[in-house]
Amino acid sequence: MVTLIPLALRAMAVYIFGATGDTIIEKGGHLNMGVPGIMFIGALGAIVGESLYANNIPADQINVVLAIIVPMIFAMIFAGLAGLLYCFLTVTLKCNQNVVGLSLTTFGVGFSRYFIAIFAEMADSNIPVAGDMIQHLFPNYAQAGAFGEMFLSGSFFTYFSILLAILISILFVKTKVGLNLRAVGENPASADAAGINVTAYRYIATIIGSMVVGIGGLTYVLDLKSGSFAATNDVDAFGWLCLSIVILSAWRSWITIPVSFAIGLLDRLPAALGLGAGPLGQFIGILPYIATIVVLIISSAISSKKMQPPAGLGQNYFREDR
């Protein structure tokens, strides 16, 4: 457990960012199947930012904080532009949300893999950001014994993801902006009649949500893969699981925390057991997907209102039909 839990917490952060970002998007009524592609584009942005910073600063002058802030800005910009493209096609041009989302995933994965391979060849150095940030946050975590090893040895991204999910949950239920966004997702016609700008809310929610998803791609590269630019083959797999986590969490961002941790435990179990790429390790590696399918089937059979998505999810709003 001392080995497994820290690994699970690092994977959990990727899932929380992806699921929380998609929750923001879906609360506004957009069923964005492009989340895996957006996460990959965010990973590309992180690699671009990290390459520009690491390769233009002497090794002894690299600042750990800037080594995170710079790629985070790039990841958010790249992912935000992908969200803007999605909104332009679905909100302005009224294109089918499912088609646009799947097309964005196909494009994002292929586009990002191509350019990530180029930057991996050009990079002169990589920065193991996770290890530096552990010392930056809790330099004496080992003194807390097994508890410290398990729960205090996470990186900056681990704790930031938990805080962000809680803050977004509060925003949805305690602020006017959050309540207006929920109204847009539930019944855009009624929200429009009440004076809420449906188009603006959907644009802003989708772009901000995409930026959060992009931070998930950043976390994958800089934390989970310790700055390895080449280890990006399964970013989109994390993105697909994030879509499932949103459903399992009943569109409540704070619930993504325990759900993401549970999936992170299953995801990192082969590594913790040292099984490598053997048949048993590969079988255990697919357990998160099997568990997700089983739980989704069970949750779909539950008719509770608490398990239902926003009523306007996946539906384009035509004001003239109001």
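Buried, in this talk, means under 20% relative accessible area, exposed means over 50%, and partly exposed is what falls in between, with a 1.4 Å probe and protein chains only. Take Ser51 as a case: at 4% relative accessibility, Ser51 counts as buried.

Some ground rules. This is a predicted model, in which local features need pLDDT of at least 70 and side-chain atom pairs count only at pLDDT 80 or more, while totals for chains, interfaces and linings use all residues. Residues are numbered from 1 along each chain as its sequence is written, and side-chain values use heavy atoms, with hydrogens and water left out.

Back to Ser51. Ser51 belongs to helix H2, residues 35-54. Helices here are DSSP runs of H or I with at least four residues, strands are runs of E with at least two, and both are numbered from the N terminus. The Ser51 side chain comes to 2.7 Å from the backbone oxygen of Ile47. That falls under the heading of a polar contact: a pair of N or O atoms within 3.5 Å, where within protein one must be able to donate a hydrogen and the other to accept it, and residues adjacent in sequence count only if both atoms are side-chain atoms.

Next, the aromatic rings. How many aromatic pairs does the structure hold? There are eight. Rings of Phe, Tyr and Trp (for Trp, its six-membered ring) pair if their centres lie within 6.5 Å; planes under 30 degrees apart are stacked, over 60 edge-to-face, and the rest tilted.

Phe17 and Phe160 form one of these pairs, and the pair is tilted because the planes stand at 50°, with the ring centres 5.7 Å apart. Phe17 is in helix H1 (residues 4-27) and Phe160 in helix H7 (residues 156-174), so this pair links parts of the chain that are 143 residues apart. Is Phe17 buried or exposed? Phe17 is buried, with a relative accessible area of 0%. Phe160, at 25%, is partly exposed. Ring pairs also join Phe17, Phe156, Phe157 and Phe160 into a cluster. For a sense of scale, Phe160 lies 28 Å from Gly274 in space, C-alpha to C-alpha, and 114 residues from Gly274 in sequence.

Tyr114 and Phe115 make another pair. Why is it edge-to-face? The planes are at 85°, so the pair counts as edge-to-face, and the ring centres are 5.0 Å apart. Tyr114 is exposed at 53% relative accessible area, and Phe115 is partly exposed at 29%.

Two rings have a charge over them. A charge sits over a ring if NZ of Lys or CZ of Arg is within 6 Å of the ring centre and within 35 degrees of the ring normal. The charged end of Lys27 sits over the ring of Phe172, 5.5 Å from the ring centre. Lys94 has its charged end over the ring of Phe318, at 5.5 Å from the centre.

Now salt bridges, each being a side-chain nitrogen of Lys or Arg within 4 Å of a carboxyl oxygen of Asp or Glu. By that rule there are three.

In one of them, Arg10 pairs with Asp223, and the closest N and O atoms are 3.1 Å apart. This bridge links distant parts of the chain, with Arg10 in helix H1 and Asp223 in helix H10 (residues 198-224), 213 residues apart. Asp223 is buried, at 0% relative accessibility.

Another joins the side chains of Arg113 and Asp236, 3.8 Å from N to O. Arg113 is in helix H4 (residues 97-122) and Asp236 in helix H11 (residues 235-248), so the pair ties together parts 123 residues apart in sequence. Arg113 is partly exposed at 37%, whereas Asp236 is buried at 17%.

The side chains of Asp267 and Arg268 also meet in a salt bridge, 3.1 Å from N to O. Asp267 is buried at 16%, and Arg268 is buried at 13%.

Last, the surface. A nonpolar patch of about 780 Å² is made by Leu280, Phe283, Ile286, Tyr289, Ile290, Val294, Val295, Ile298 and Ile302. Patches are made of residues with over 30% relative accessible area and no salt bridge; like charges are joined within 9 Å, and nonpolar side chains (Val, Leu, Ile, Met, Phe, Trp, Tyr) within 5 Å. Areas come from the Shrake-Rupley method with a 1.4 Å probe, and for residues only the protein chains shown count as cover.

Which helix gives the largest share of the nonpolar patch? H14 does, with five residues. Helix H13 (279-285) and helix H14 (287-300) each supply at least two residues. Ile286 is in the loop between H13 and H14, and Ile286 is partly exposed at 39% relative accessible area.
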